[in-house]
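Here is a short briefing on one protein chain. Look at the structure first, then read the points by topic.

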Amino acid sequence: MTRQRAASFAALGLLAILGTVFILYATPEGLGLSDDSIAYIAGARSLLSGQGYREAWLASNGPVTHFPPGFSSILALVGLSGLDPVRGARFLNASLFGANTFLLGLIGWRMTKSQIAGVVLALLFVLNASLLRIHAVAMSEPLYIFFSLGAFLLFDFYFEQREKRWLILVGCFVGAAYLTRYAGLALFATFLAALILLRENWLKRITRSLIFIASFLPWAAAWSLRNKLVADNATNRTLVYHPLTEENIQAGIYNFSEFLIPIETWRRALVKNLDLLFAILAILALVILVWVAAKGLKKFFQPSSEMPEILSFTNGLYIFAYLASILSSMMLFDASTKFKARINSPIYVSLLILLVWLGFWLWQKRSLLWRGFVVGAAVFLVALSSRELAGVVRQFHKGGQGYASFQWYDSAAMDFLSTLPAGTRIYTNQAGPVYLYTNRPAYVLPDLVDPVTGLPRERYEEGVQALQEDVLSGNAVLALFKFGAEEEDVQSIYLQLADGLNLALDKRGDKIYTAFP
């Protein structure tokens, strides 16, 4: 290994360590927690206890099918050391932020054959506030990004060496990504399309595609078969059409603006004109689409033409495969899926890769003007990203995020629930944190609309009556958190549920109802 290559590996290693330290410093009280976070943590605890992958945070404790098992399984492996999954998630995601930084550096290096470009890409990743936020929450996206980056690198090795073993490994990494997030199907579609577009003849297109499919299929098939056997469904999704809401689209535009514009004042100015921001994003998407289509179709129809650079091409293709996957989920399978930053994060990573590829392409123009622009843009982005990141790290360091906040673990309502007699059933609008802080599974409330399908629930009135009868029997309580913060229609449901019950505790908007004073 040359001294220059050793220095580049050392630089990437230092950036990886820096990313790990950033997450650990930003989360002194643990990673941020959401309902999905607690589902993964409870699933890991269930695996550790030998019960299998189950909904331990719910009293029903049924088998988990809605969330794939990858993240919970890794947390359970970490838990074999004696570390509870809540704490293990912090060290896992911190390590993943460092590992993803290193992998991106390798991608930038291989993509451009420039060690400096690899270091710049790793630096832009580790300094990006949106991507740090995603790694600072106990969710599956960091692990999914890790498997995705590994798959992209392995696919590049395959096209460089033309050895089938690399393609088999790509299928395995895509399978692991699918078992981490169902959006891994977008990765599968990306590499399958790339094999068809980029191979020289139909024999190689078909044989290599079959090898890839055979490498991926056991992972997805085994999980689907398990779900069918234990729960009679493949992924707990139902095919129901529900259109995108304007609120969801606006949230997506804002989250993309947070990633693309690391200056709050500029971002606010643009967000005031959502049509302009949407137009900018649409133009960006169109440019990438035209570039990917031109490169791919040229190679498909003219096999003797020059091979496009694999890493940039597949990442450009992946952006649209992933968007199609998310849109189909939102509109056909899961109405609760939103354009949140964590959902968008794989696109963020691919956009960073394409940004560095664009900078390298301009650098190759060998024009002082273009090279000066590339250097200036890189310095500008690093400086602004550093400033934004510093603010986010300071904010996170002050206290836990989401359910990790002191407002939850110091809650008088949680103390009250913890002292209830063993076996008392708890009905609540916050089953996740109740499980986390009282170590008791909970019952969800009856509701009018299923958040996944967007359709009205049947037998709502019967559910309300059964809940009230159970509480009035003295064997259950009703715990409603953040009562006054909910929307009026939700509060009206809470009032209906609490009708005729005794208000035993009312602190900071948290209310607990029992049968007797």
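Five strands make an open sheet of mixed pairing, in the order E2-E1-E3-E5-E4. Strand E2 (443-444) and E4 are at the edges with a single partner strand each, so one side of each has no neighbour in the sheet. Strands (E, at least two residues) and helices (H or I, at least four) are DSSP runs, numbered from the N terminus. Two strands pair if DSSP finds at least two bridges between them.

This is a predicted model, in which local features need pLDDT of at least 70, side-chain atom pairs count only at pLDDT 80 or more, and totals for chains, interfaces and linings use all residues. Residues are numbered from 1 along each chain as its sequence is written, and side-chain values use heavy atoms, with hydrogens and water left out.

**The whole chain**

- The protein chain has 21 helices and five strands.
- Its radius of gyration is 25 Å, close to the 24 Å that the globule rule gives for 517 residues, so the chain is as compact as a globular protein of that length. The radius is taken over C-alpha atoms, and the rule is 2.2 Å times the number of residues to the power 0.38.
- The C-alpha trace spans about 80 × 50 × 50 Å along its principal axes.
- Of the 517 residues, 50% count as buried. Buried means under 20% relative accessible area, exposed means over 50%, and partly exposed lies in between (1.4 Å probe, protein chains only).
- Take the contacts with a separation of 6 or more: residues 24 or more positions apart account for 73% of them. Contact means heavy atoms within 4.5 Å.

**Strand pairing**

- Strands E1 and E3 pair in the parallel sense over four bridges. Tyrosine 427 has leucine 478 in E3 as its bridge partner.
- Strands E3 and E5 run antiparallel, joined by three bridges. Here alanine 479 has isoleucine 512 in E5 as its bridge partner.
- Strand E4 (residues 502-507) and strand E5 (residues 510-514) pair in the antiparallel sense over five bridges. Lysine 507 has aspartate 510 in E5 as its bridge partner, and asparagine 502 stands opposite threonine 514.
- E4 and E5 form a hairpin with two residues between the strands. In this hairpin, arginine 508 takes a positive phi near 55 degrees.

**Buried parts of the sheet**

- In a regular strand the side chains alternate between the two faces of the sheet.
- Is strand E3 (residues 476-480) largely enclosed or left open? Five of its five residues are buried, so E3 is largely enclosed by the rest of the structure.
- Both faces of E3 are covered. Ala476, Leu478 and Leu480 are buried on one side, and Val477 and Ala479 on the other.
- Threonine 514 lies in strand E5 and is buried, with a relative accessible area of 12%.
- Setting aside neighbours within four places in sequence, threonine 514 is in contact with residues including Phe416, Val471, Val477 and Leu501.

**Buried helices**

- Seven of the eight residues of helix H19 (residues 431-438) are buried, so H19 is largely enclosed by the rest of the structure.
- What do the buried residues of H19 pack against? Among their partners are helix H2 (35-48), helix H4 (85-112), strand E1 (425-428) and E2.
- Helix H3 (residues 70-79) has Gly70, Phe71, Ser72, Leu75, Ala76 and Gly79 as its buried residues. Their cover includes H2, H4 and helix H7 (141-161).
- Alanine 220 lies in helix H10 (residues 202-231) and counts as buried, at 10% relative accessibility.
- The C-alpha atoms of alanine 220 and glycine 175 are separated by 6.5 Å. These two residues are 45 residues apart along the chain.

**Positive phi angles**

- Most residues other than glycine have a negative phi.
- Asparagine 61 has a positive phi of about 50 degrees although it is not a glycine. This asparagine lies in the loop between H2 and H3.
- Arginine 366, not a glycine either, has a positive phi of about 55 degrees. The loop that holds arginine 366 lies between helix H15 (341-363) and helix H16 (368-397).
- Arginine 366 counts as exposed, at 68% relative accessibility.
- Just after H19, asparagine 439 takes a positive phi of about 60 degrees.
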